[in-house]
Amino acid sequence: MKRLSSRKIAAITNCVLVLVLALIGTVCFLPAAESVSGVEDKVYYKGSSEDGVSLMFNVYWGTEEVRGILNVLDEYEAKATFFIGGSWADDNVDCLKEIAARGHEIASHGYFHRDHDKLDYNGNLQEIKTSVDFIRTAAGVTVTLFAPPSGAYSDDTVKAAESLGLRTVMWSRDTIDWRDKDAATCFSRATKNIGGGDLVLMHPMKHTLAALPKILTVYRENGLRAVTVSENLG
């Protein structure tokens with residue numbers, strides 16, 4: 001059999017190398033089907049209201065601040081959504097009932113503030129369902145929304161929430177008031193370039209309560225209504 005010359009071998013090798021590189025490049029730019037969550041379209045980061053803004057209070061502490069927040073909301077004829085931690089609700093049933101009585105929305109924030117992305121489906125289901133069941137029993141409220149603590153969730157989290165009839169909610173604006181304990185910073189993050197559909201994450205903190213009247217004043221001056229998350233989502 002006739003041997004190939006070194007020049008021909010080199011040419012063939014180069015052609016094969018080019019094809020391999022082209023194939024690798026093509027694969028790299030294809031959608032990574034296995035890495036796509038598949039549930040992202042079921043997680044809400046923003047509402048659809050043109051003039052509605054939603055204040056989202058995640059509650060695992062701050063009972064006195066919660067009561068103060070309720071008073072300010074009443075004063076400004078504003079509504080909000082309180083994502084309640086079940087372990088807090090268990091110790092503060094009267095405050096939980098007051099939130100509902102004043103016409104605000106109560107949603108689930110889990111029971112023990114766990115990282116839901118580290119729980120399997122059954123773990124997510126138990127953690128969410130326990131909080132939902134307790135809120136229903138204690139306050140007579142049917143929960144329809146769930147916000148994962150620390151914003152940590154997985155496919156199993158969203159599917160478990162959905163199986164309970166809950167929509168999973170994140171946020172479009174985070175005041176980070178739990179870390180940056182400053183009323184002016186909280187005010188700026190809750191109002192700068194604010195627009196309809198925004199979901200503003202907060203916590204019952206003293207400086208957040210102090211900033212709340214100014215925040216609601218800015219919303220009002222810009223023709224925005226403070227509405228529940230469910231109303232905002234539509």
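Ile176 lies in the loop between S7 and helix H7 (183–191). Helices (H or I, at least four residues) and strands (E, at least two) are DSSP runs, numbered from the N terminus. This is a predicted model, in which local features need pLDDT of at least 70 and side-chain atom pairs count only at pLDDT 80 or more, while totals for chains, interfaces and linings use all residues. Residues are numbered from 1 along each chain as its sequence is written, and side-chain values use heavy atoms, with hydrogens and water left out.

Stay with Ile176. Its phi is near 50°, a positive value in a residue other than glycine. Ile176 is buried, because its relative accessible area is 19%. Buried means under 20% relative accessible area, exposed means over 50%, and partly exposed is in between (1.4 Å probe, protein chains only).

Asn193 also has a positive phi, near 55°, and is a residue other than glycine. Asn193 sits in the loop between H7 and S8. Is Asn193 buried or exposed? Asn193 counts as exposed, because its relative accessibility is 68%.

Now take strand S8. Both of its faces are covered. Leu199 and Leu201 are buried on one side, and Val200 and Met202 are buried on the other. S8 has pairing partners; two strands pair if DSSP finds at least two bridges between them. Strand S2 (residues 52–59) runs parallel to S8, joined by 4 bridges. Within that pairing, Met56 has Leu201 as its bridge partner. Strand S7 (residues 173–174) also runs parallel to S8, with 2 bridges. There, Asp174 stands opposite Leu201.

S2 pairs with S3 as well. The two strands run parallel and are joined by 4 bridges. Phe57 has Phe82 as its bridge partner in S3. Strand S3 (residues 81–84) is covered on both faces: Thr81 and Phe83 are buried on one side, Phe82 and Ile84 on the other.

Next comes His203. Where is His203 placed? His203 is in the loop between strand S8 (199–202) and helix H8 (206–221). His203 counts as buried, because its relative accessibility is 8%. Its side chain makes a polar contact with the side chain of Asp177, at 2.8 Å. A polar contact is a pair of N or O atoms within 3.5 Å; within protein, one must be able to donate a hydrogen and the other to accept it, and residues adjacent in sequence count only if both atoms are side-chain atoms. Leaving aside neighbours within four places in sequence, His203 is in contact (heavy atoms within 4.5 Å) with Phe57, Asn58, Trp61, Asp177, Trp178 and Thr208.

On a 1 Å grid over the protein atoms alone, a pocket is an open set of points with protein on both sides within 12 Å along at least five of seven lines, a cavity is a set where a 1.4 Å probe fits but cannot get out, and lining residues have an atom within 4 Å of a point.

Met56, Asn58, His109, Ala147, Pro148, Val169, Met170 and Trp171 line the largest cavity.
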